[in-house]
Amino acid sequence: MRAAVFHGPRDVRVENVADPGAPAPDDVVLQVLRAAICGTDASEWDHGPVLCRPGVVLGHEFVGRVVDVGGDVTGIRAGDRVVSGAGISCGHCFWCLRGRTNLCAEYRTLGLQVDGGLAEYVTSPASTCRIVPDACDDDAAAMTQPLAVALHALSRVAQAPDESVAIIGAGGIGSFIIAGASRRAVEERVVAVDIDADRLATAVALGADGTADATGRDLSELLLELSGGDGFDVVIEASGAPLAPAAALAGARRGGRVLLVGLHGAPRELDLTGTIVREIDIFTTVAHVYDTDIPAALELLAETDVAAVTAGARIPLDSLVEDGLRPLAERRAPGKILVSP
């Protein structure tokens, strides 16, 4: 079969590899119908390996049709259309036993450490798979995993309907966070902050009540201005910009909450005294919990136009590098790039 294999920095090759063998008792084999490209895929191609194991087939965002099931699998059968959560957890460590499977001591991810879905076929643990509702087409279903990451992030701060929310960064995960936050907000507003006009327009289409262009602005001052001087109940930092975490803390109201989503390549300086005396809670987030976040993402995709609003180019697998990974790494790819293996 054809698959996108990561060999090293600037070296991803679409090549022939062996088809998956018969699945293990708890696994299923999927024919991949559609895959999506993540910023992680592009960054690994650009300057990895950081998370990727050289030789691995990329792809952790995909939907597929079940073609074979292991002997112990129940609830899923050949012919079903499913999405995989991609994260593999052991089920018996301290964190798994407490429902925090995303923090598993042995956590691995399809497409990073284990062969993934940028291929014609992929093997996945059945436990991470969920059947796709008919209302979700393949393009939408391929976005389930990243949307689940965004919804897990929101669950970390337990956004209430009457709380104001500011999201810094309306890119990949940021746009999905905006979609989820906008759906939860009833009495207060959700504001998106970015430096890209197209991303801000997408934020409005996803339900943001307001947007602000931060180009040339002091981000801390901008957040206070947008909130009438009091700060927001919840500030979510999803950009990874160097000064954004400090600005998020400054832009939260007394007793507010800050969620750090964007990853950083270097330590950042924060005003901890100002944070402490205003009793700001700081949260972080990683990945998702497939038992709760994958079903929630499928529901949102089935009931809204999130996928249509965020979808970008559709490309064949053989064009993955030049039409997918390269433009994404160079920050010139609008929307979620979808791949048809």
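Me: Helices (H or I, at least four residues) and strands (E, at least two) are DSSP runs numbered from the N terminus. Which strands each supply at least two residues of the lining of the second largest pocket?

Reply: This is a predicted model, in which local features need pLDDT of at least 70 and side-chain atom pairs count only at pLDDT 80 or more, while totals for chains, interfaces and linings use all residues. Residues are numbered from 1 along each chain as its sequence is written, and side-chain values use heavy atoms, without hydrogens and water. A pocket is an open set of points on a 1 Å grid where a 1.4 Å probe fits, with protein on both sides within 12 Å along at least five of seven lines; lining residues have an atom within 4 Å of a point. Here the strands are β6 (87-88) and β8 (121-125), and β8 gives the most, with 3 residues.

Me: What is the volume of the second largest pocket, and which residues are closest to its centre?

Reply: A volume is the space filled by probe spheres set on the points. For this pocket the value is about 220 Å³. Of its 16 lining residues, D26, D27, I88, P125 and S127 are the closest to the centre.

Me: Which residues have the most contacts inside the largest nonpolar core?

Reply: Such a core joins buried Ala, Val, Leu, Ile, Met, Phe, Trp, Tyr and Cys residues through side-chain atoms within 4.5 Å; buried means under 20% relative accessible area, exposed over 50% (1.4 Å probe, protein chains only). The core here has 47 residues, with I167, I177, I178 and I236 making the most contacts inside it. Helix α3 (residues 144-157) contributes the most, 7 residues. A separate second core of 33 residues includes V82, A86, L118 and V339.

Me: How do I check the span of helix α4?

Reply: The expected span is 1.5 Å times one less than the number of residues. The 13 residues of α4 (residues 172-184) should therefore span 18 Å, and the end C-alpha atoms, 19 Å apart, agree with that. Among the buried residues of α4 are F176, I177 and I178.

Me: Where does A86, with its positive phi, lie, and is A86 buried or exposed?

Reply: A86 has a phi of about 75° although it is not a glycine. A86 sits in the loop between β5 (81-84) and β6 and is buried, at a relative accessible area of 0%. R331, also not a glycine, has a positive phi of about 60°. R331 belongs to the loop between α11 (320-329) and β17 (336-340) and is exposed, at 73% relative accessible area.

Me: Which residues does a cis peptide bond join?

Reply: G48 and P49, with omega about 0°; P49 is in the loop between α1 (39-47) and β4 (62-69).
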